[in-house]
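Dear colleague,

I am handing over the structure we spoke about, and below it I have set out what was found. Please read the notes with the sequence and the model open beside you.

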Amino acid sequence: MASPSTLVSFDALGVNRRTLNGNLRGARNTTMLSLIGSPRGSYNQSCQNPTNARIAALMATESIGPFRATGMKVALASVRAIMAEIKTDHREVYDAMSSAGMLCCRNVRGSSTAISNHSWGSAIDIKLEGKLDKRGNNKTQTGLFDIFPIFNKHKWFWGAAFRTEDAMHFEASDQLIREWAVAGEFGAQPARVESSLVTLGDRGPEVEELQHRLNFAVVLDITADGVFGRETRAAVMEFQRQAGLTVDGVVGPKTKKALEAATSGHSF
């Protein structure tokens with residue numbers, strides 16, 4: 001029997017890692033910034049602490065079962081419930097678990113515009129048998145594959161589905177963040193945030209599709225990396241200019257509809 005940290009390719013598992021999370025999606029920067037706020041004033045590739053006192057007050061350091069972690073209180077409670085199920089259903093994996101952390105205010109690796117969801121303490125990186133799953137090799141530790149359905153059940157998104165596979169990473173989904181906001185976990189409930197908006201700092205399959213459509217529609221060679229950076233924003237603005245739309249660099253319903261019409265009949 002393979003140990004929890006044994007690596008296996010997604011091809012060998014016979015699964016499409018890009019669709020493993022079903023309808024769950026990673027929480028967008030738009031959602032996090034609108035519903036919670038910005039944890040600090042500047043970000044780089046290094047871990048830093050929140051400087052926004054209101055957001056810092058949402059954090060705690062607690063035991064969540066097999067280890068202690070520092071993160072958003074509501075996220076810690078959710079992970080604690082997940083760990084209890086893992087302990088019952090996958091005891092060998094539970095006993096092998098430790099963490100590379102939750103709270104870490106920084107940008108997404110390799111990006112200068114997208115803020116990592118670790119910045120809000122709503123994401124966690126899991127180690128098994130003291131080993132951290134290598135990012136971007138299209139493989140996963142078998143123990144992570146065993147437990148991801150439990151994370152999904154609790155509306156946590158598995159990072160194996162990112163364009164650059166990140167199987168060690170789990171984060172509260174966009175849907176879960178919105179539920180917590182409605183429940184008042186972040187303070188007074190703000191005005192409704194449009195879920196279809198895609199803008200600077202967002203990442204995921206929707207952004208990757210957007211980039212492919214932009215490359216076709218305005219004949220620009222932007223990198224389809226799934227991260228909405230400055231070059232993607234510039235391409236959106238160029239498309240909006242050509243289509244006679246408001247040039248704001250934000251993909252709302254009107255821009256999305258126009259872009260889909262301009263690229264109809266093509267699969268992305």
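Which residue takes a positive phi in the hairpin of β2 and β3? In this predicted model, that residue is Gly 65, with a phi near 125°, and the hairpin has four residues between its strands. The strands themselves, β2 with residues 59–63 and β3 with residues 68–72, pair in the antiparallel sense over five bridges, and within that pairing Thr 61 has Thr 70 of β3 as its bridge partner.

Turning to the helices, two packed helices are described by the angle between their axes and the distance between those axes. Here helix α4 (residues 73–89) and helix α6 (residues 142–153) have axes that come within 10 Å and cross at roughly 145°, and the crossing in which α4 passes α6 is right-handed. On the α4 side the contact is made by Ile 82, Met 83, Glu 85, Ile 86 and Asp 89, while α6 contributes Ile 147, Ile 150, Phe 151 and Lys 153. Sorted by class, the contact of α4 with α6 holds six nonpolar and three charged residues, and no polar ones.

The cavity is lined by 16 residues, of which Gly 26, Ala 27, Phe 162, Glu 171 and Arg 203 are the closest to its centre. By class, the lining divides into six charged, five polar and five nonpolar residues.

With best wishes

Technical notes
Residues are numbered from 1 along each chain as its sequence is written. This is a predicted model: local features need pLDDT of at least 70, side-chain atom pairs count only at pLDDT 80 or more; totals for chains, interfaces and linings use all residues. Side-chain values use heavy atoms; hydrogens and water are left out. On a 1 Å grid over the protein atoms alone, a cavity is a set of points where a 1.4 Å probe fits but cannot get out, and a pocket is an open set with protein on both sides within 12 Å along at least five of seven lines; lining residues have an atom within 4 Å of a point. Ala, Val, Leu, Ile, Met, Phe, Trp, Tyr, Cys and Pro count as nonpolar, Asp, Glu, Lys and Arg as charged, and the others, Gly among them, as polar. Two strands pair if DSSP finds at least two bridges between them. Helices (H or I, at least four residues) and strands (E, at least two) are DSSP runs, numbered from the N terminus. Axes are lines fitted to C-alpha atoms, for helices over the stretch in contact, and angles run from 0 to 180 degrees between N-to-C directions. A crossing is left-handed if the near helix is turned anticlockwise from the far one by less than a right angle, and right-handed if clockwise. Contact means heavy atoms within 4.5 Å.
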